[in-house]
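Thank you all for coming.

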Amino acid sequence: MHDISKLKIIASQVRRDIVRMVHACQSGHPGGSLGCTDFLVALYFDAMNRKEGFDMTGKGEDVFYLSNGHISPVFYSVLAHAGYFDKSELATFRKLNSRLQGHPTTHEHLPGVRIASGSLGQGMSVAVGHAVGKKLDKDTNLVFSLHGDGELQEGQNWEAIMYASHNKVDNLIATVDYNGQQIDGSTSKVLSLGNLKTKFEAFDWKVLEVENGNDMEEILNVLDEAKSLAGKGQPICILLKTEMGYGVDYMMGTHAWHGKAPNDEQLQKALDQLEETLGDY
């Protein structure tokens with residue numbers, strides 16, 4: 001049974017963390033982070049089978065790969081609230097010698113981070129590789145990944161997508177943050193993605209869609225469905241239609257806040273809209 005009220009409480013605090021982290025260092029990517037908050041909270045606090053502690057190999061548990069690494073604020077906040085490291089460390093975001101760099105890295109040995117995802121377009125290949133490894137190890141757990149829709153403009157993704165279906169990598173659940181925005185504008189104007197559902201289906205993937213990617217119940221339902229389809233011969237793609245900047249009215253629905261930090265006044269306006277539920281770090 002899903003505890004939706006608990007997940008919403010976590011999501012509200014994560015959103016507060018995001019805007020405070022980006023404001024504190026005057027750098028970072030709040031828009032996509034706010035849009036993906038509900039999904040990552042649902043994933044880490046409900047859908048994934050996670051062990052205590054952190055093991056880079058991920059044996060005997062589900063694993064997650066963040067491919068669109070610029071949304072590190074939401075990733076770090078979720079990891080901290082999930083117990084991978086102390087929440088007080090969020091105050092070091094993007095500071096010199098911090099483990100919480102603008103894009104996640106592995107050489108910092110931050111618990112919860114398995115790949116450096118600063119360069120976009122590579123996470124699909126890594127996720128497919130780990131999923132194949134789990135099959136070879138007879139590990140029945142799943143591999144989850146998250147990708148930006150603009151990120152799919154890069155060709156390496158489609159090589160991995162083709163490989164996954166050809167080799168029936170059916171323990172992989174790849175989610176696309178389908179917000180229609182990227183740093184230079186809308187994806188339709190920068191480089192149209194066309195019909196992503198049709199594209200993935202043409203590559204022989206099972207495709208599920210979430211019309212409101214910021215509705216916790218919808219997200220949980222599609223994750224349940226995706227997990228039920230694992231092991232049936234096809235990799236699974238979730239098209240998650242989120243709204244960039246969700247939760248902060250002046251950041252919503254525009255690419256302007258893809259990589260821009262709020263000033264003092266804007267921060268306060270954002271915090272006024274986001275309830276402090278678990279205590280600020």
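Let me begin with terms: on a 1 Å grid over the protein atoms alone, a cavity is a set of points where a 1.4 Å probe fits but cannot get out, a pocket is an open set with protein on both sides within 12 Å along at least five of seven lines, and lining residues have an atom within 4 Å of a point. Grid points are joined across faces, edges and corners, and a volume is the space filled by probe spheres set on the points.

This is a predicted model, in which local features need pLDDT of at least 70 and side-chain atom pairs count only at pLDDT 80 or more, while totals for chains, interfaces and linings use all residues. Residues are numbered from 1 along each chain as its sequence is written, and side-chain values use heavy atoms, with hydrogens and water left out.

There are 3 cavities of 30 Å³ or more, and the largest cavity holds about 60 Å³. Its lining is made up of Tyr44, Met48, Phe54, Glu61, Asp62, Phe64, Tyr84, Gly112 and Arg114. The second largest cavity, at about 40 Å³, has among its lining residues Phe64, Gly112 and Arg114, and strand S1 (residues 63-66) gives the most to that lining, with 3 residues.

Turning to the pockets, the largest has a volume of about 260 Å³, and of the 20 residues lining it, His70, Leu120, Gln181, Gln182 and His258 are the closest to its centre.

On the H1 side, Arg16, Val19, Arg20 and His23 make the contact, and on the H9 side Asp264, Leu267, Ala270 and Leu271, where contact means heavy atoms within 4.5 Å. Helices (H or I, at least four residues) and strands (E, at least two) are DSSP runs, numbered from the N terminus.
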